[in-house]
Amino acid sequence: DERTIAVPLGDAVVPLRPGDLVDMWATVDPSLVADGGVTTRRVAIGARVTDIGDEAAVLRVEPDQVADVAEAAATATITLVGRG
């Protein structure tokens, strides 16, 4: 019952291939966060890479993570962290 979603990749990307598991972290511009607010948060845990390109990765995520991942992809710098 998982969903697939594309996320943009930044300049520093760990080597990925289809089947890899990653956590997805989102970092927003600190000027957009109230004083003392969190600028980096984890938005997906154990997402599976289904495809990878030069500028984006396609991840398979749980349905309850889709909104957070979509918002982060549109508004934040994405960091994918390999698991295992």
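The model is predicted: local features need pLDDT of at least 70, side-chain atom pairs count only at pLDDT 80 or more, and totals for chains, interfaces and linings use all residues. Residues are numbered from 1 along each chain as its sequence is written, and side-chain values use heavy atoms, leaving out hydrogens and water.

**Sheet**
- An open sheet of 5 strands has the order β1-β4-β3-β2-β5, with antiparallel pairing.
- Strands are DSSP runs of E, at least two residues, numbered from the N terminus; two strands pair if DSSP finds at least two bridges between them.
- β1 (3–8) and β5 (77–82) are the edge strands, each pairing on one side only.
- From one strand to the next, the twist averages 45°.

**Strand pairs**
- β1 and β4 run antiparallel, joined by 6 bridges; R3 has V61 in β4 as its bridge partner.
- β3 and β4 are antiparallel with 4 bridges, and R48 has R60 in β4 as its bridge partner.
- A hairpin is formed by β3 and β4, with 3 residues between them.
- β2 (residues 21–27) and β3 (residues 40–52) run antiparallel through 6 bridges; M24 stands opposite A44 in β3.

**Helix**
- Helix α1 (residues 66–75; a DSSP run of H or I, at least four residues) lies across β1, β2, β3, β4 (56–61) and β5.
- Helix α1 runs at about 20° to β1, with axes fitted to C-alpha atoms and angles running from 0 to 180 degrees between N-to-C directions.

How values were computed
Contact means heavy atoms within 4.5 Å.
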